[in-house]
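Please look over the sequence and the model shown here before reading on.

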Amino acid sequence: MKLPKDQSTLVLPGGETRCIFSTSTPFAFQVIPGDTDKLLLYFQGGGACWDQSSTKLGFCTTDSTPQNPVGVFDRYNANNPYKQYTIVHVLYCSGDVFGGDVIRSYTDSAGVPVQQKGAANAQSAIDWIVQQQGNGGLSGVLSSLVVMGCSAGSIGAQLWSDSALKALKFNKAAIVPDSYAGVFPDGSQGPLMYDFGFCTAFKNKLSSATYQKCIDKTLTIQDVDVEYISAHQKVPFSFIQSKTDSVQQAFYVAIAGSMNLPAALTPADFYTLTNTVFKGYNTYPNFLTYLVNGNQHCFTPTNVYYTADPISATDNGASTSSELMYQWTGNFPLTPGESEKTICDGTLKYYSMNMTSSSVSKESITAVDRTTYCDKTLASKKYTQK
């Protein structure tokens, strides 16, 4: 890898890769070389365009735009646990949460059919990394691999975790999805994933049973996560999440409205549904989460990454003895014998709700607590690396 260290370079892989519009920039991924034995594979965020209306309304980014040097990309912040890592940043311009392989029936401003090829884009970055491990540009065996992403890129990190862990050689690894728990209107995920062309793109990346769910339009991101988390139980999957993330709530409402599904969602219900999702993962030893009070969307590509703690995005440790977010994420990947735990600050309660918004309260809980409590099932979680 003959690229200048600590400087950003765009790699244009060509082939099937592309952004959503014929008028968009070419697809590129951003490389910031650092230590050749440490890799941060990061999936960029930028909304989603799932139908003609959301595309025309500009609900997703449509050009390859490099990341500014803030958050985990800041090479000069002494608190940045990734400041010496080589970063491969998969830029986001396809509007399909890195899972698409489809030519739409509607067109862009130039009259050319909209194409969403996010899966090819992500695969090109992983293929390039494999090539670098083979030719000496990166270490043949990485000492540390971290797969991370924010918002749509959080889903990207989840969808591509298995592929990265299987394709790359490493001693230790961690998956760190930031700010997309996967709370969607009931019945929406299967049709959305099918229409994105996910079944085509991931046919050889899913078990036959999970693939059949895709064909049947019943697949959920939770199905994919369970398959991947359970398959890699020596790799921690460590989710970062605000309890009442405003952007995730907004997309829930927008998707529901576009599909004529019930769109009512309170911040309290969103948080309880998030806990419901996470409790499905919590049965596996390698799932952990860092929960933050408030509605902040995305931490890792912003400077609040260094001030966030479980009290708020900006508390900076003033009101808690818990690890700050950058400290918690910086502990991953773990070496054998090391431990980490789920982080949450609030009244310990048990409260459940299914994805159709029919709730069952197990303990008395106040309105305020419903946006700040800590679920007993999740808050007690500790993982020790084997």
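The paragraphs below go through a sheet, a helix lying across it, and the disulfides.

This is a predicted model, in which local features need pLDDT of at least 70, side-chain atom pairs count only at pLDDT 80 or more, and totals for chains, interfaces and linings use all residues. Residues are numbered from 1 along each chain as its sequence is written, and side-chain values use heavy atoms, with hydrogens and water left out.

Helices (H or I, at least four residues) and strands (E, at least two) are DSSP runs, numbered from the N terminus. Two strands count as paired if DSSP finds at least two bridges between them. Eight strands make up an open sheet with mixed pairing, in the order β1-β2-β4-β3-β7-β8-β9-β10. At the edges are β1 (9–11) and β10 (287–292), each of which pairs on one side only. On average, neighbouring strands of this sheet are turned by 20 degrees against each other, direction ignored; axes are lines fitted to C-alpha atoms, for helices over the stretch in contact, and angles run from 0 to 180 degrees between N-to-C directions.

Within the sheet, strand β3 (residues 35–43) runs parallel to strand β7 (residues 144–150), and six bridges join them. Phe43 has Gly149 in β7 as its bridge partner. Across β3, β7, β8 (173–178) and β9 (237–242) lies helix α3 (residues 152–167), running at about 150 degrees to β7. Contact here means heavy atoms within 4.5 Å.

A disulfide is taken as a pair of cysteine sulfur atoms within 2.5 Å, and by this rule there are five disulfides. With the bonded cysteines numbered in sequence order, the pairing is 1-4, 2-3, 5-8, 6-7, 9-10.

One of them joins Cys19 and Cys93, with the sulfur atoms 2.1 Å apart. The torsion about this S-S bond is about -80 degrees, so the disulfide is left-handed. Cys19 is in the loop between β1 and β2 (29–32) and Cys93 in the loop between β4 (85–90) and β5 (102–107), 74 residues apart. Both Cys19 and Cys93 are buried, that is, under 20% relative accessible area, where exposed means over 50% and partly exposed in between (1.4 Å probe, protein chains only).

Another disulfide joins Cys199 to Cys214, S to S 2.1 Å. Its torsion of about -100 degrees makes this disulfide left-handed. Cys199 belongs to helix α5 (residues 198–201) and Cys214 to helix α6 (residues 208–215). Cys199 is buried at 6% relative accessibility, and Cys214 is buried at 0%.
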